[in-house]
Amino acid sequence: MYEKDGEKYYVVDGHVHIWDGRASNHKNVHGKQFIDCFYDYHKNLSPEEVVWDYDTYTYYGAERFMKDLFGEGYVDHAIFQATLLSDFYHNGFGQTEEAFGLTRQHPDKLTYNHAYDPRHGEAGLEQLRRDAERFGLKGVKLYTAEWHGDSRGYKLDEPWSRRYLEECLELGIRNIHVHKGPTIRPLDRDAFDVADIDKVATDYLDLNFVVEHVGLPRLEDFCWIATQESNVYGGLAVAMPFIHTRPRYFAQIIGELLYWIGEDKILFGSDYALWTPKWLVEKFVDFQIPADMPEYAPITTDQKKKILGLNAAALYDLDVPRQLSLPTQAGDADAEVAAGAGAP
Amino acid sequence: MTRMAVSVEAEVLAALSTVLDPELDEPVTELGFVRSVAIDDEGVEVHLRLPTSFCAPNFAYLMVADAYDALAAVPGAGRVRVLLDDHHDSGKINAGTAAGLGYVGTFGVEAENSLDELRRTFQRKAHLAAMERCCRSVLASGAWTVEELPLLELFDLPEGRLKSALMRRREAIGLPNHSHARVMVDHDGTPVARSDVALRLRLATTTRVSIEGNAHFCRGLLATRYAGVDPAGSAPVVTNTRSHP
C-alpha cells in the first residue's frame with residue numbers, strides 16, 4: 001500500500017521475476033548478451049541512486065526480491081511472469097522453483113504465472129495440465145517470438161495455439177499475458193506484430209489478453225486492436241520507467257492509452273529487477289500530464305488507483321481491503337473503451 | 001590530404017546519411033549507428049553498431065544491406081565493406097551481405113520470406129507520421145480546421161523540413177508528389193473521407209508518438225551501451241589513408 005496526500009493506493013506489480021543471469025548459468029554467448037541487454041535497460045532508464053552493480057543484478061535471490069517489493073516497494077501483491085529462455089540458460093533465466101516456493105510461503109502476496117509453447121503439441125498440453133494443477137495457475141506468460149527448432153515463432157491464432165487457449169479455458173486459466181515488445185531474436189516475421197491478439201480476443205471472450213509492454217514499439221497497432229476488443233489489456237512493464245528519463249514521452253504513452261483503451265484496461269508492472277517498484281510507484285502517483293499538452297486530459301487519482309493495482313486485482317480476484325477500493329468496479333471488461341475516440 | 005580525397009569522405013558520409021533505420025525512420029548517421037569509416041587505397045570499410053545485441057536481426061540486416069548499396073553507388077569508392085559489430089548475428093549478416101546473398105540467402109532456413117513486406121510496413125508508418133506532422137502544423141497555424149483536412153493539397157503546405165520529409169516518404173511508397181495531390185491519403189493514395197478524418201488523424205498521432213518513443217529508447221540504450229568506450233556519442237571515427245586522389 002502506498003499513501004500520499006491522504007490518498008491510499010493498493011499496488012499490484014503485474015510483472016516481476018527472480019532470475020539467474022550469472023555466468024555459471026549461461027549456456028552460450030546469448031545468455032550473456034541477454035542479461036547484458038537487460039542491464040543496459042536498467043542503467044539507461046533508472047535514476048542514478050537506484051542503479052545496481054552488475055553482479056547484484058545478475059542474481060539477487062528471494063530475500064532481496066521480498067525486500068525490494070514488499071519491504072520498500074509498497075507492493076501489496078506481485079505476479080511472476082515466466083521467462084524461461086531454455087536455449088540460453090542451463091537452468092532457465094526465470095527461476096521457476098524459487099519463485100513458486102515463495103508463492104507457497106506467501107500466497108496472499110504472490111501469484112506464479114508459468115509458460116507454455118503450443119509447438120510442443122500433445123505433450124505440451126499434458127504438461128500444461130500438470131502445471132496448472134501444481135502451480136494453481138490463473139495466468140500464463142507467452143513468448144510468441146521465441147525460437148524453437150526451425151520455427152521462428154508462432155501466432156496465437158494457429159490451430160495448436162487455439163487448442164492450448166481452449167485448454168486454458170477448461171483449466172480456469174483466465175489471464176493470457178503475451179510478450180509483445182522488445183524481444184529475443186525475431187526474424188523474418190515481425191515478432192512484435194499484435195494482429196494475432198485481435199483474432200483470438202474476438203474468439204475467446206472469456207479469456208483476458210494482457211499485451212505486455214503495451215505493444216511498444218507498436219503502440220498504435222495495439223491501441224487500435226484494444227479499442228475494438230473488450231478483453232484486451234495493456235501491461236505497462238518497460239513503458240513505466242520513461243516516467244523518469246522521458247516524462248513527456250511517458251505522458252504521451254499514458255495519454256494515448258487512456259484515450260484509446262481507457263482507465264480500466266491498463267496494468268502497472270515494474271518488470272523487476274529491470275526496475276524496482278518503489279520509485280516507479282512514487283513517481284507515478286506524483287505524475288501529471290504537462291500543462292502544455294492540452295491534447296491529453298489530466299490523469300485523475302482514481303485512474304492512478306486503478307492502474308496501480310485495482311485493475312489487476314480484478315483480473316486475479318485479489319482481496320482488496322475496503323478502504324483501498326473504489327466505489328466503481330475497476331478492471332471492468334464491459335467498460336467502454338476508446339471513450340475519447342471520435343474527438344479530434 | 002588532397003581535395004579529391006576530402007570529397008570521397010564527404011560523399012561516403014552523404015551516402016550513409018541516406019540509410020534509415022527502417023523502424024525509427026531516422027538516418028543511421030544521426031542515430032549514432034555508424035561507428036567508423038575507413039577509406040584506403042582499396043576501398044571503404046564501415047562499421048555499424050546498434051543499441052543492444054538483441055536488436056531484431058531483420059532490421060539489422062536491412063541497415064547493413066542498405067549501407068552496402070548506398071556506398072556501392074559512390075563513384076570511386078572502390079571495394080565496399082560494411083560490418084555490423086557486437087550483434088548476435090554479426091557473423092552471419094556480415095558474411096551474407098559481403099557475398100551478396102540477400103536476406104533469405106544469408107539466414108537460410110531461418111528466413112521464410114524476403115523483407116520487402118516488413119520494409120513496406122514501416123515505410124507506410126513513416127509516411128503516416130510525416131503526414132500527421134504536416135497536418136498538425138497547418139492546424140496549429142489556424143489556417144485549416146480538422147474537418148477541412150481532406151481537402152488539403154501538397155500545394156497548401158508551407159515549404160520546409162516537414163513538407164520535404166513528407167515528400168520523401170510519399171515517394172518511398174509510390175504516392176504522387178504533384179502540387180495538387182491530396183495530403184490526407186491512405187498508403188495506396190485513397191483520400192480520407194471527411195467522416196473519418198478526426199479518428200484517422202488521432203491514429204496517425206499515436207503512430208508518430210510510437211516511432212518517436214522508439215528513437216528515444218534506442219538513443220538512450222546506445223549511449224549506455226557504449227558509454228565506457230565512446231563517451232563522445234554519435235560522431236563516427238573517420239580515417240582516410242588513401243594515397244591517390
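This is a predicted model: local features need pLDDT of at least 70, side-chain atom pairs count only at pLDDT 80 or more; totals for chains, interfaces and linings use all residues.
**Reading cavities, salt bridges and a sheet**

Trainee: How many nonpolar, polar and charged residues does the lining of the second largest cavity have?

Mentor: Seven are nonpolar and six are polar, while no charged residues take part. Across the model, the count comes to five cavities of 30 Å³ or more.

Trainee: How much space lies in the largest pocket?

Mentor: A pocket is an open set of points, whereas a cavity is one from which the probe cannot get out. The largest pocket here has about 850 Å³ of space. Its lining counts 28 residues, and L20(B), D25(B), E26(B), R168(B) and R169(B) are the closest to its centre.

Trainee: Which elements give two or more residues to the lining of the largest pocket?

Mentor: They belong to chain B: helix 3 (57–72), helix 6 (116–140), helix 7 (161–172) and helix 8 (197–225). Helix 7 of chain B gives the most, with seven residues. By class, the lining of this pocket divides into 13 nonpolar, two polar and 13 charged residues.

Trainee: What does the salt bridge between R163(A) and E122(A) tie together?

Mentor: Their side chains meet at 3.2 Å, N to O. Because R163(A) lies in helix 6 (residues 159–171) of chain A and E122(A) in helix 5 (residues 121–135) of chain A, the pair ties together parts that are 41 residues apart in sequence. R163(A) counts as partly exposed at 37% relative accessibility, and E122(A) is partly exposed at 44%.

Trainee: Are K125(B) and E220(A) buried or exposed?

Mentor: Both K125(B) and E220(A) are buried. Their side chains meet in a salt bridge of 2.8 Å, N to O. K125(B) lies in helix 6 of chain B and E220(A) in helix 8 (residues 219–228) of chain A, so this pair joins two chains. In chain B, salt bridges that share partners also join E132(B), R133(B), R136(B), R208(B) and E212(B) into one network.

Trainee: Finally, in what order do the four strands of the open sheet in chain B stand?

Mentor: The order is 3-2-1-4, and the pairing is mixed. Strand 3 (79–84) and strand 4 (237–240) of chain B each have a single partner strand, so one side of each is left without a neighbour in the sheet. On average, neighbouring strands of this sheet are turned by 10 degrees against each other, direction ignored.

Trainee: How many bridges join strand 1 to strand 2 of chain B?

Mentor: Five bridges join strand 1 (residues 34–39) to strand 2 (residues 43–48) of chain B, and the two run antiparallel. S36(B) stands opposite H47(B) in strand 2 of chain B.

Notes: Residues are numbered from 1 along each chain as its sequence is written. Chains are lettered from A and ligands numbered from 1 in the order in which they are written. Side-chain values use heavy atoms; hydrogens and water are left out. On a 1 Å grid over the protein atoms alone, a cavity is a set of points where a 1.4 Å probe fits but cannot get out, and a pocket is an open set with protein on both sides within 12 Å along at least five of seven lines; lining residues have an atom within 4 Å of a point. Grid points are joined across faces, edges and corners, and a volume is the space filled by probe spheres set on the points. Ala, Val, Leu, Ile, Met, Phe, Trp, Tyr, Cys and Pro count as nonpolar, Asp, Glu, Lys and Arg as charged, and the others, Gly among them, as polar. A salt bridge is a side-chain nitrogen of Lys or Arg within 4 Å of a carboxyl oxygen of Asp or Glu. Buried means under 20% relative accessible area, exposed over 50%, partly exposed in between (1.4 Å probe, protein chains only). Two strands pair if DSSP finds at least two bridges between them. Axes are lines fitted to C-alpha atoms, for helices over the stretch in contact, and angles run from 0 to 180 degrees between N-to-C directions.
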